[in-house]
Amino acid sequence: MNEQLSWKVGGQQGEGIESTGEIFSTTLNRMGYHLYSYRHFSSRIKGGHTNNNVRISTKEVRAVSDNINILVAFDQQTIDLNSHELVQDGIILADSKFSPEKDENLNVQLVSIPFTETAKALGSQLMKNMVAIGASARLMNLELQPFKDMIYTMFIRKGQEIVDANHEALIQGYQLMDDEMVRIKGDFEMLPSDSEPRLFLIGNDAISFGALNAGVRFMAAYPITPASEIMEYMINNLPKVGGTVIQTEDEIAAVTMAIGSNYAGARSFTSSAGPGLSLMMESIGLSGMTETPLVIVDTMRGGPSTGLPTKQEQSDLMQMIYGTHGDIPKIVLAPSDVEDAFYTTIEAFNLAEYYQVPVIMLSDLQMSLGKQSSAPFDVSRVEINRGKTITEDIEDQADEYFERYGDEEDGISHRPIPGIKGGIHHVTGVEHSPTGTPNESPENRQVQMDKRMRKLKDFTMEEPFKVQGNVDSDLLILSFLSVNGVAREAAERIDADVTTVNLKQIHPFPIDALRPYLDGAKEILVIEQNYSAQLQSVLKMNYPGHDRIRSHVKYDGTPFKPEEIETHINSILKIKEVM
Amino acid sequence: MATFKDFRNNIKPNWCPGCGDFSVQAAIQKACAANGLEPDELAVITGIGCSGRLSGYIKSYGFHSTHGRSLPVAQGVKMANDDLTVIASGGDGDGFAIGMGHTVHALKRNIDITYIVMDNQVYGLTKGQTSPSSGKGFVTKTTPEGSKENPIQPIRTALASGATFVAQSVSSDIKQLTAIIQQAMDHKGFSFINVFSPCVTYNKVNTYDWFKENLIPVEDIEDFDHTDAKNAMQNVMEYDGLLKGIIYHDQEAKSYQENIEGYLDQPLIKKEMTLENDTFDELMAEFR
Ligand SMILES: Cc1ncc(C[n+]2csc(CCOP(=O)(O)OP(=O)(O)O)c2C)c(N)n1
Ligand code: SF4
Ligand SMILES: [Mg+2]
C-alpha cells in the first residue's frame, strides 16, 4: 500500500482533460487525502497537448512529484510526451480507441481500456472521463461511493438520467480495470486517508476569498493569465456583498480606478501579471506619492515581454521591489503557501490602509493555478484595520483645508475620505505641502519625502518569514511562493541540519529578523525561478560580504521537482565535506 | 446653502493672465453653487497639464492625478461613493492623446460623472507642442512645417463612442458654459463637455476672436435636434465640429451604476466590510 501516488491525465486541450482531473481530485479531497496538482497547458484553447498531474498523499504535500505512477492517456501524444516520467513498472491506462503503443525501452505497463467505446455505448462519448476515473479508482483500490456522490452533485441539475448514465460509466470503468488486475505488476493501492475535512483550491481563489474578507467591495482589472481567475471569482462573488467589478480598457485604467476608489474610501484592488504590472508602474508611484492605499496582486509568469504566458516563473521580483520612478515607500509580500495566501491577502489590505502605501501581493503561476489541499480558513483570524482613515464628519475642523499630509511622528497622516464634513483637502502626485497644495520648495520637499519614507523605516510584519529548522544549520534554504513546498520536501530528504526559510516579507527586506538564521548557517542557498537570481541579489544587498550565499535557479518554465533540489543540496554539502 | 464664493480657496492659479482656464474654473464654481452643492460633496479629479491644476483651485475634495488618467481615477471615486458629485477634467493632450483610450471607454461605460476638457489645441504645460486637436498646418515646436495630421473633433469622437451627453462651448461664454455644466451634472450618466479654452501663450491661431468668428451656436441651425444622435452627428460633420451648445442628450439612458442591480441602494463605502459568518461558511464550502 502507498502513502502517496502521482496520477496524471493527458490529452488534447478542450477535450475534457481538465474536468477529468478536477472530478478525480475533488473526490479524493473529499475523501480526506492531501493533494497537490499541476496543470500543464498551452496558450491555445483547442488542441495542443494538455495534462493534469495530481499528487495524492496521506500526509501534507506542497510540491509536484519527481515522477508519476499512473498515466491516463486519451491520445498517443500523451504517452509519447509523458511516459518517460513514469516510475519503474508504472502504469499507463490508455484509451483503446487509438491503439496505444509504448516505448519498448521503457519499463512500464500499458493497459488498454475502451474508454470512448464504453462511453459511446452508454449514450455519449463525453463520459469517457468517467470510465477512466472508474478504472483509476479500481487500480488504487478506492471506494466508489464518494465518486458516485460527486457525480450526483455535479449532474443532478441535468436530470437523474444523466446521473445514472455517468454512474454506469464509472462502474463499467471500474469493472474493466478489475478484469485487468490479475495481470498488473506492483502495488497501486492507496493507504486510507485521515478523513479530515480540507479545502481544495487554487491560490487565486485563496487570494480572492481573502480580498472579500478584507472588505474589498470593488475591483478593476484586465484579463491576463494567470491572474484572470481572481477577477472571475470577484465577478461571481462581489455582488453577493453589494460590490462589483469593472473590466477596464487596460491595466492603467484598472490600477488608477482602484486608486480612485481607495481614495474615496472603498477597499479596492486590481490583479494582473508581468505585462500588466509593467503598464502600472507610473500609477504605483501615484499611490506612493499621494499616500493612497493600493493593493495589486501580481501573479508571476514567464517573462520578459509576452514570455511564457502559461508557464511558471518568478522573474518580476526586482521590478516589484523597485518599480516606479522616484522613491516611494512600498510593501511587497509573498504568501508562503495557498493557505497563507488567504491570511496574507487580508494583511495586505490592512497594511496598505494602515501605512497608506502601495502593497504588491506576489504569487506565481504554480501557486495561482496549482490546485492543492489546505486547512479550512479560520474566520476568527479575519481582522480589518483601517489605521488613520477618517470616515465620519470632523466636527471641530475650521473652514480650511485639512492637513492631509501633516508631518506626524510615525509619518502616517490622517486620511479623511471625500464626502465627509471638515475633511476637504487636495491630493496630488506633484510634491505638495501638508494640505496637498503643489509645493516645490526644497524645505517642504525634504519634510514630505522624509515623512513618507519614515512610514516603513522600521517595518516588519508579524511573521516576515516562515521558518522550519534551527537557528544554527548546515544549510539554510531561502525561497518564496511555490518553491517553498519543493524546497521543504527536498530538505526533509537530506541527512543534515537544513533550515528552510519561506520569505513572506520581500520588501522592505526583514534583515534584522533574518540575521540570526543567516549568521547561524554554514551555507546559504537561495532557490528561485528566474535567470538572474533576483532573490539572491536582494539577499546579498541586504546581507553583504558573505561568500556563503549560493544560488539555484531554474527558468525553463516548469516548476522545480524535489529531486532537482535534493541533488543540488547534496552537491553543496559534499563540497563542504571535501573542504 | 453654499454660494459661488464657497467654492473658492485662497490659492492663486499659476495660469498666464488671459488663459481660458480661468473662466472654465469660474463656470464650474457657479454651476456647483447653482445646483445646490456643498464643497464637501464635490470631488474634482484632474490630469496633468496647465488645465490639470484646476483641482487645486476649487474648494472641494480634489485629486490631481497623472497625465491622462483623470477619468479612471474619477470613475473609481464615483463607484466607491455615489453620493459624491464627481467632475473629471484636463487638457486636450491629457484626454485625446495619452488618455484617449480612457475617454472612449468612459463614454461607452456611462458612469455618472462629468468630464470637462479644456481644449486649447496645444500642449500648454510643456511649452507649445502640437496636440491631437491642433488644426492641420498648425505650426509648433514639434511641427515646424505645420501639423500633417487630421485633427480630432472631440464631439464627433464622443458621439461615435456611444456618449449619452455631449456638449461644446468656449470659455469666454461663461453663462452658456455654466448652464451646460449644470445640466451635465444633472444628467444620469457620463457627460462630456469640450470647452475651447484659448491658450494665449502658445496658440496664436485659435484665439478668442477666432472662436467668436467660427463657432456656430446650435440654436442657429434649423431643425437641429439634440435628442437625435443621427441629426447631431450629421451637423457635427457638416460644420466640421465647430458647434456650440448641447450637441446630444439622451435623457432615457441608464447610467452604468443603475444597470447593476442593488448597487445604488447604498454607496459602496457605507456597505458592511465584514462578511457575515453564514456567508463566510457558504463561500468557503465552495472550495471543498
Ligand atoms: C506620462 C507623461 N508623459 C508626458 C508628460 C509631460 N506632459 C505634461 S502635460 C503634457 C501635455 C499638456 O497638454 P494638455 O493635456 O493639452 O494640457 P494643457 O497644458 O494644454 O492644459 C505633457 C506632454 C507627463 N507629465 N507624463
Ligand atoms: S501656457 Fe497656455 S494653457 Fe498654459 S496657462 Fe498659459 S495660457 Fe493657459
Ligand atoms: Mg492643451
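The structure is a predicted model, in which local features need pLDDT of at least 70 and side-chain atom pairs pLDDT 80 or more, while totals for chains, interfaces and linings use all residues. Residues are numbered from 1 along each chain as its sequence is written, chains are lettered from A and ligands numbered from 1 in the order in which they are written, and side-chain values use heavy atoms, without hydrogens and water.

Asp92(B) belongs to helix 3 of chain B and Asn120(B) to the loop between strand 4 (114-119) and helix 5 (154-160), so the pair ties together parts that are 28 residues apart in sequence. Helices (H or I, at least four residues) and strands (E, at least two) are DSSP runs, numbered from the N terminus. Asp92(B) and Asn120(B) are both buried, that is, under 20% relative accessible area (1.4 Å probe, protein chains only).

Ligand 1 lies between chains A and B. Of the 17 residues around ligand 1, those that come nearest are Cys50(B), Ser51(B), Asp92(B), Gly93(B) and Asp94(B); a residue counts as near if one of its heavy atoms lies within 4 Å. Helix 3 (residues 92-98) of chain B gives the most to this shell, with four residues.

Conventions:
Buried means under 20% relative accessible area, exposed over 50%, partly exposed in between (1.4 Å probe, protein chains only).
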